[in-house]
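Please read them with the structure open.

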2 protein chains.
Amino acid sequence: MSYLDNIRKVTPYVPGEQPKVEGELIKLNTNEFPYPPSPKVVEAIESLEVETLRLYPNTTAAPLAKAIADRYGFDEDEVFVGVGSDDVLANCFLTFFSSDKPVLFPDITYSFYDVWTDIYRIPYETMPLDDDFKIKKEDYYRRNGGIVIANPNAPTGIAAPLDVIEDIVSHNPDSVVVIDEAYVDFGGESALPLVKKYKNLVVVQTFSKSRAFAGMRIGFAIANKELISCMNNVKFAINSYTMNSAAIAYGVAAVNDNEYFIETVGKVVATRERVKKTLEELGFVSLNSATNFLFVTHKDKPAKDIFEYLKTKNIYVRYFNKPRINNYLRITIGTDDQMDKMISVLKEYL
Amino acid sequence: MSYLDNIRKVTPYVPGEQPKVEGELIKLNTNEFPYPPSPKVVEAIESLEVETLRLYPNTTAAPLAKAIADRYGFDEDEVFVGVGSDDVLANCFLTFFSSDKPVLFPDITYSFYDVWTDIYRIPYETMPLDDDFKIKKEDYYRRNGGIVIANPNAPTGIAAPLDVIEDIVSHNPDSVVVIDEAYVDFGGESALPLVKKYKNLVVVQTFSKSRAFAGMRIGFAIANKELISCMNNVKFAINSYTMNSAAIAYGVAAVNDNEYFIETVGKVVATRERVKKTLEELGFVSLNSATNFLFVTHKDKPAKDIFEYLKTKNIYVRYFNKPRINNYLRITIGTDDQMDKMISVLKEYL
């Protein structure tokens with residue numbers, strides 16, 4: 001008997017490496033945005049009043065929730081704001097998946113889902129994607145305690161059409177269905193319009209990818225206000241004040257600059273399509289990506305070897321040593337210059 | 001049957017009111033610090049590089065953990081940093097209180113403790129404080145799944161002597177003992193030196209009070225590195241990146257300005273002692289406070305009536321409608337000017 005016996009044992013999620021290397025590093029392993037945040041954010045930083053920091057922030061990050069609501073055509077009480085979409089999704093798991101029935105999600109998807117089910121002791125079952133890594137909607141018509149689907153999916157990058165998502169939502173009136181749209185701005189079709197139609201739907205998005213704000217930790221959920229109120233109750237039962245005053249102020253500036261958002265996301269999408277074509281010419285097979293990364297496999301060379309070789313050249317991509325995808329690489333779309341450097345290194349290697 | 005049946009029902013913590021009023025407001029209800037953060041924080045805000053915000057922050061907030069470790073004479077891996085001490089304490093509950101035995105804490109204490117036990121489904125028992133609102137250490141010598149003690153206690157403001165804390169820690173080698181020192185800088189005796197001696201001790205502190213940083217959400221735990229590693233594993237299983245880059249940078253600036261910290265905390269303590277004396281002259285009984293608030297009761301007038309009257313004058317203090325303390329007010333120490341205004345309103349009323 002020891003105090004250690006009372007401690008919760010968990011298998012933590014392993015985020016992509018944040019390497020410390022000498023010299024130039026090309027970091028294409030955690031799906032960060034290659035361009036800086038909006039110039040409006042610089043203004044917001046310059047005008048942050050230090051005096052306000054002595055006071056507790058707004059508990060629901062109301063100014064930011066309002067800005068997000070306005071951007072997407074919802075009311076403020078239909079928006080929940082959290083510390084990155086991981087915080088928002090963890091809250092969804094804790095709030096909405098509180099039954100003895102299994103939660104359903106695909107076998108290949110964001111690798112945090114089974115970490116949350118583990119820590120919150122939620123039963124779950126994974127549904128295998130088909131051979132083309134696509135969701136089979138009929139898999140989600142069985143008895144369940146909730147459903148979570150990343151769309152576009154990670155790490156495949158594949159987007160399911162909106163009618164597939166709608167069929168899953170409409171077949172499950174007795175479960176909350178969470179659609180994790182971390183990458184939707186790069187080419188997916190958002191389920192946000194369905195929130196007006198289905199009371200059991202929660203759509204989660206993030207500022208970490210398309211709004212260049214991984215460092216500020218901002219994510220949000222949009223759902224009918226009854227579900228948002230349940231999320232707030234759980235949040236208030238853990239930490240009433242999660243969003244600091246700087247995140248609220250800088251986040252408002254980021255979401256309000258829609259022009260910069262459209263321009264920079266457009267650049268990433270153009271780079272992605274160009275790089276995809278080039279990689280295919282080099283013998284790679286690339287899944288169709290609706291995200292800011294490509295999921296690729298090479299017809300001759302093992303993915304792990306390419307991964308290790310790139311690392312020796314200070315180029316970091318992501319390799320998952322998991323069933324079905326252990327011959328693939330996930331490559332974040334960087335600047336054109338970064339991608340050209342990666343391609344020239346790949347050419348040398350191949 | 002409905003999707004609502006799968007949703008977790010919770011009784012959320014109710015934080016102090018953040019009133020929206022016209023005109024001048026004297027806010028003495030949430031124990032915020034009356035002086036602004038250190039001038040070094042202004043410099044940190046001005047030098048925040050927006051470009052860094054596109055990248056994920058350091059998962060363990062390492063630069064801030066290092067600054068805290070240096071300040072208190074520990075190693076970086078003996079420090080855990082979270083989104084305010086609420087985040088740190090919630091993590092402690094989830095990590096360390098994972099048994100079927102009851103967690104013990106006083107009947108009158110920080111009102112979040114039973115909210116966390118509720119949401120994480122942890123059994124608990126409360127131990128009554130004595131008639132002078134003091135901890136009886138023998139209450140904590142029974143079988144338990146962990147112990148949490150706020151010292152100084154809230155909302156009483158009373159500090160237990162360090163030998164009482166040490167006796168509780170040393171009598172419980174099979175439990176983790178968490179000492180919540182949110183208010184320690186205003187006059188309590190910290191248990192930090194005991195961390196070197198007891199492997200089952202976790203000390204939690206916050207930047208929200210004495211470092212004028214409620215708005216930036218920074219709290220920390222110090223314990224032996226084995227316990228800190230367990231806390232990090234749980235954190236990584238919920239949200240790998242909780243501390244945004246601004247909080248890390250501004251927090252380092254705040255903790256490094258020890259001179260400003262000592263000066264401003266000294267001012268608050270001086271104001272507290274002066275106000276305590278004046279209130280006693282007005283017929284109040286005030287517990288001895290080792291915090292930045294006074295817990296007072298009036299010999300003739302009901303606390304609730306005084307609370308309501310102050311509110312009509314735009315002066316907000318805290319009233320808890322709970323057994324044993326429902327004739328007390330908790331009054332945060334503001335600036336001398338704010339306290340003088342409150343005293344003159346009280347004089348009118350009495």
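1. In this predicted model, 84 residues of chain B are in contact with 84 residues of chain A. The two chains bury about 6,700 Å² between them, and 58% of that area lies on carbon and sulfur atoms. On the side of chain B, the residues that lose the most area to chain A are B:Tyr3, B:Arg54 and B:Tyr56, which together account for 12% of what that side buries.

2. As for polar interactions across the interface of chain B and chain A, the rule finds zero salt bridges, whereas 36 residue pairs are in polar contact, counting pairs with both residues at pLDDT 80 or more. The elements that give two or more residues to the side of chain B touching chain A are α1 (39-46), α3 (84-96), α4 (113-119), α7 (225-236) and α8 (245-256) of chain B. Sorted by class, that side of chain B has 49 nonpolar, 22 polar and 13 charged residues.

3. Turning to the sheet, chain B holds an open sheet of four strands in the order β9-β10-β13-β12, with antiparallel pairing. Because β9 (284-286) and β12 (318-319) of chain B stand at the edges with a single partner strand each, one side of each is left without a neighbour in the sheet.

4. Strands β10 (residues 293-298) and β13 (residues 329-332) of chain B pair in the antiparallel sense over four bridges, and B:Phe295 has B:Arg330 in β13(B) as its bridge partner. Helix α9 (residues 258-281) of chain B lies across β9, β10 and β13 of chain B, and runs at about 5° to β10(B).

Definitions and conventions. Residues numbered from 1 in each chain as written. Chains lettered and ligands numbered in written order. Predicted model: local features only at pLDDT ≥ 70, side-chain atom pairs only at ≥ 80, totals over all residues. Heavy atoms only, no water. Contact = heavy atoms within 4.5 Å. Buried area = accessible area lost by both parts, 1.4 Å probe. Salt bridge = Lys/Arg side-chain N within 4 Å of Asp/Glu carboxyl O. Polar contact = N/O pair within 3.5 Å; in protein donor to acceptor, adjacent residues only side chain to side chain. Nonpolar A, V, L, I, M, F, W, Y, C, P; charged D, E, K, R; others polar. Pairing = 2+ DSSP bridges. Axes fitted to C-alpha atoms, helices over the stretch in contact; angles between N-to-C directions.
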